[in-house]
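Student: I would like to learn how to read the packing and local geometry of a model such as this one. Could we go through a few features in turn, with the general idea before the particular case?

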Amino acid sequence: MNLLFLTADQWRADHLDLDGTGPVPTPNLAAFAREATVFLRHYSQATPCGPARASLYTGTYAFNHRSITNGTPLDWTLTNLALELRRAGYDPILFGYTDTSADPRVLPAEDPRLRSYEGALPGFTVGLLLPEDAGPWLDHLARRGYGRMTIEEAYDRPWSEPAPWKAEDSESAFLVDEALARLARTPRGRPWALHVSLIKPHPPWIAAAPWHGLVDPRRTRAPLRAPTIAEQAGLHPLVAAWLERRFEGSLDRGLVGRGPADLDRATVAGLRAVYGGLVGEIDRQIGRLLEAVRARGEWYDTLVIVTSDHGELLGDHWLLGKGAFFPAAFHVPCLVRDPRRPRGHGRRVEAFSEHVDLLPTILEALGLPVPLQCDGRSLSVFLTGEKPARWRLSAQMELDIRDGARLGPATALGLAADACGLAVDLAERFACVRFAALPPILVDRAADPAWTRNLAALPEGREPLLGATARLLELRLLKADRRLSGCRLTARGVDGLYDPLPPLPAGASPPAVATVRA
């Protein structure tokens, strides 16, 4: 069976329109959903991109893979989706990026992979790497007569203006064109695996016509937030610190240097309209890929998964981006179509699902063994139209708030680097955030969807706080790294199961091993 694995960066779950009631039309995905299983409560395990994708590709929680920021190396001893596919005889091909930071313990100091967090996940054959500087796309624009530009120059305009290129020359269209060309050259009858990793709707929020004007700002949903910044800041000292910061990074010119106080309703509506237009474009590009598989006559021989690495706050709680513990930063679309399990087609699943479930799901669907390292559970039971006897009662996510090159909330709050971790337990009614060195948060999601009142220290919060804390602790006890813990050495040799080490990255050397004498 073939695999088509599609991701769109920073795509909120509520921007998937399955029945015509969403903020942006996604007709191709709505049609696909009628033949797929849609997981309505699917959550990324971490943010930003690097940590989120580390969980997505390895099937492990951040407390196991520990690639907790963009640039934190991913342990080479962890296997991943690409390596498992290659082990099974596939040649998995990547178009886009994976934001994988290489492990410096096995690479020479001069290796160029140690100078960027935008490396390709080991095991992939790179069809086209499209990092943040988007060099191949800019070359394409130059060939099409737009002139030679840097990525900063290409996006140097406010979000309220359309892009200067045609829709068929956008970054997303270019990447899909390249992927389709490679697919067209792939021989029929031989199983293939293709991962297309699209950057949009990640900022800058600049869209070409007609996508720029696709969504009327008056049709967008109002942000989910407290009536005032002061009320939102009152939830917790960390939220107050976030709300004091100015926007930076990859946001477009119309936003950099501004702050949460500038996010009035009209501004948020305009941002959401352009963001929605970019989602509409993603829907179009995904539709092209799905149609290509149909045209090859391989629709009933291809496992298709569509998701995002993480979400986007988009004005919720007076914030932009994904670097916060609020649900919109983690809640993403997830659609799975296994052609051999038609009973799951058209089904919508309300149970909590997570990114760590996708690697076991893919491997099981392809008839491959699931490594012991995987922390999630295969979603295959939902694809059969059944419901498992026992399933998780909440989604659990992590975030590390340590400061980077620029001082930020961690410094302002006096946190040491190793005290910057937090974990979220998101249940049906209550949400709990536990910190390494800050007071906990508990909110009643039903009564307080904007997260304005912290119940953690109040009598009515005692029982749900204990329950959520117990779930977070149990998760760590159950899922702590077990690649070797299931076996032991005996007089007969190794007794039990263990995960073999993956192959070393190309050009790498085994880490030095010390010899100890009694």
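Predicted model: local features only at pLDDT ≥ 70, side-chain atom pairs only at ≥ 80, totals over all residues.

Student: Next I would like to read the aromatic rings; how many aromatic pairs does the structure hold?

Tutor: There are 14 aromatic pairs in the structure. A pair is read from the distance between ring centres and the angle between ring planes, where planes over 60 degrees apart count as edge-to-face and planes under 30 degrees apart as stacked. Phe32 and Trp299 illustrate the edge-to-face arrangement, with 6.2 Å centre to centre and 70° between the planes. Because Phe32 belongs to helix H1 (residues 27-33) and Trp299 to the loop between H10 and strand S6 (302-307), this pair ties together parts that are 267 residues apart in sequence.

Student: Are Phe32 and Trp299 buried or exposed?

Tutor: Phe32 counts as buried at 2% relative accessibility, and Trp299 is buried as well, with a relative accessible area of 3%. For a stacked pair, turn to Phe325 and Trp451, whose rings are 6.0 Å apart centre to centre with 25° between the planes. Phe325 lies in the loop between S6 and strand S7 (334-337), while Trp451 lies in the loop between strand S12 (441-444) and helix H14 (462-479), so this pair ties together parts that are 126 residues apart in sequence.

Student: What surrounds Phe325, leaving aside its neighbours within four places in sequence?

Tutor: Phe325 is in contact with a set of residues that includes Leu235, Leu238, Val239, Trp242, Phe330, Leu399, Leu422 and Val424, and Val433, Phe435, Ile441 and Trp451 are also among its contacts. Phe325 is buried, with a relative accessible area of 0%, and Trp451 is buried too. Ring pairs also link Phe325 into a cluster with Trp242, Phe326, Phe435 and Trp451.

Student: Rings can also have a charge over them; where does the charged end of Arg225 sit?

Tutor: The charged end of Arg225 sits over the ring of Trp318, at 3.6 Å from the ring centre. In a second case, Arg41 lies over the face of Phe352, 5.5 Å from the centre of that ring.

Student: How many residues of helix H11 are buried?

Tutor: Helix H11 (residues 358-365) is mostly covered, since seven of its eight residues are buried, and these are Leu358, Leu359, Pro360, Thr361, Ile362, Leu363 and Ala365. Following H11 comes Gly367, which has a positive phi, near 75°.

Student: Which residues other than glycine have a positive phi?

Tutor: Leu314 is one of them, with phi near 55°, and His317 is another, with phi near 60°. Leu314 lies in the loop between S6 and S7, and His317 has its place in the loop between S6 and S7 as well. Leu314 counts as buried at 2% relative accessibility, and His317 counts as buried at 2% too.

Student: Finally, for the peptide bond itself, what is omega where Thr47 joins Pro48, and what is omega from Lys200 to Pro201?

Tutor: The bond joining Thr47 and Pro48 is cis, with omega about 0°, and Pro48 is found in the loop between strand S2 (37-43) and helix H2 (49-58). The peptide bond from Lys200 to Pro201 is also cis, with omega near 10°, and Pro201 lies in the loop between strand S5 (193-198) and helix H8 (229-233).

Conventions
Residues numbered from 1 in each chain as written. Heavy atoms only, no water. Phe/Tyr/Trp six-rings, centres within 6.5 Å; stacked < 30°, edge-to-face > 60°. Helix = DSSP H or I, 4+ residues; strand = E, 2+ residues; numbered from the N terminus. Buried < 20%, exposed > 50% of the residue type's maximum accessible area, 1.4 Å probe, protein only. Lys NZ or Arg CZ within 6 Å of the ring centre and 35° of its normal. Contact = heavy atoms within 4.5 Å.
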